[in-house]
There are 2 protein chains.
Amino acid sequence: MKPAMSATLPAVKISAKADYAVRLAAELAITPRNLPITGPALASAQQAPLAFCENILGLLRTAGLVASRRGAEGGYYLAVAPSEVTIADVIRAVDGPLAAVHGDAPESVTYLGPAERLADVWIALRASLRDVLEGVTLADLAAGKLPARIEKLAARPEARTRR
Amino acid sequence: MKPAMSATLPAVKISAKADYAVRLAAELAITPRNLPITGPALASAQQAPLAFCENILGLLRTAGLVASRRGAEGGYYLAVAPSEVTIADVIRAVDGPLAAVHGDAPESVTYLGPAERLADVWIALRASLRDVLEGVTLADLAAGKLPARIEKLAARPEARTRR
DNA sequence: TTCAACTCGACCATTTGGGTTGGGTTCGTC
DNA sequence: GACGAACCCAACCCAAATGGTCGAGTTGAA
């Protein structure tokens, strides 16, 4: 028996776009800047749909994270050193601001009565999220070495359970 | 000039449903258990659409967080002590699991090459999110006293900036 | 018996997510 | 100087989710 209203929206949802974006960026982090990697090569390296990838790479380029060269011998490469690009940067480039409460910024919502402090909870949530996403750079990712704090969080046994 | 692809999905998005749910739960936390509050009263206390509220209250009831009495003198009340219900519980009751990467659990996705450790980043993200949402109870909210760790996060000046 | 109140499945209009299509523009090369 | 590889980009498409509403019940107290 299903509930009256389906319940399937997670509070934290990494969109396909954001996920691909980070994967592509990670791939770019290990390619030499002077030898760009082509769209098709990138897409197949991460097993992602080509058209969608080029779409995303365009956003990353607009954001200034990625550069590209056209024509033969062309391709994409990072415009910034991998150690200077955080995962948060990549996600913001494709998805916009990191957090929202049904479309608005947390600080712009006002709550009544016993819910008054709720805005602060959402703000704390966002801060804690940033601590993670701004704490990992593309260089970290590519090297397979996450910052200690992140490793510790991920290693907590209960961290690996769904819910 | 708008970008080629709209970019509007935040990584953390509190749905209207979840937001209303927590607000309603907070309201219930300050109503005596022996004197239920009616749907209309609840809805107007939080200035939320009545039909939607009853919808949500049904989910909270199914989850066992809320109970209700019918008929005259009826209404809704918390089925559990406010100090035993966390915000995470409320959100999960209406939205399902807290985190996902485009629909799947983070630990069920596999990443290639330089993106290999990405799963751990998403897992750390979820852990850090839980630390916040499972750290605040309805009693905390209703009392206006958030745990020190949360207060500290929310009070950081840069925490209040959009992005 | 009557009325206030919860119950709950069905419905519905948008918006968004997750892409695809197709035409252009820029290069190196032959 | 044309050819093809590669990026560029706006427009389009469709299924699913979101954010609700409606209305016909049931329940219970006075």
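**Figure 1. The largest nonpolar core of this predicted model.** The largest nonpolar core holds 113 residues, where a nonpolar core is a set of buried Ala, Val, Leu, Ile, Met, Phe, Trp, Tyr and Cys residues joined through C-beta atoms within 7 Å. A residue is buried if 20 or more other C-beta atoms lie within 10 Å of its own, exposed if 12 or fewer, and partly exposed in between, with C-beta atoms placed from the backbone. Ala21(A), Ala25(A), Ala21(B) and Ala25(B) are the members that touch the most others in this core. Leaving aside residues up to four places away in sequence, Ala25(A) touches Leu60(A), Leu65(A), Val85(A), Val90(A) and Leu138(A), contact meaning that the C-beta atoms of two residues, placed from the backbone, lie within 7 Å. Residues are numbered from 1 along each chain as its sequence is written, while chains are lettered from A and ligands numbered from 1 in the order in which they are written. Because the model is predicted, local features need pLDDT of at least 70 and side-chain atom pairs count only at pLDDT 80 or more, whereas totals for chains, interfaces and linings use all residues.

Figure 2. Helices (H or I, at least four residues) and strands (E, at least two) are DSSP runs, numbered from the N terminus. Just after H4(B), Gly96(B) takes a positive phi of about 80°.

**Figure 3. The contact between chains A and B.** Each side is given separately: 76 residues come from chain A and 76 residues from chain B. On the side of chain A that touches chain B, the largest share, 14 residues, comes from H5(A). The residues of that side divide into 48 nonpolar, 12 polar and 16 charged, where Ala, Val, Leu, Ile, Met, Phe, Trp, Tyr, Cys and Pro count as nonpolar, Asp, Glu, Lys and Arg as charged, and the others, Gly among them, as polar. S4(A) pairs in the parallel sense with strand S1 (residues 12-14) of chain B over 3 bridges, pairing requiring that DSSP finds at least two bridges between two strands. Ala99(A) stands opposite Val12(B) in S1(B).

**Figure 4. The axis relating the two chains.** The superposition is by least squares on the C-alpha atoms of residues with pLDDT of at least 70 in both copies. Of the residues of chain A, Val12(A) comes closest to the rotation axis, at 2.2 Å (C-alpha).

**Figure 5. The surface near DNA strand C.** Surrounding DNA strand C are 28 residues, of which Ser15(A), Ala51(A), Gly71(A), Leu9(B) and Gly39(B) are the closest; a residue is near a strand if its C-beta atom, placed from the backbone, lies within 6 Å of it. This surface near DNA strand C divides into 10 nonpolar, 12 polar and 6 charged residues.
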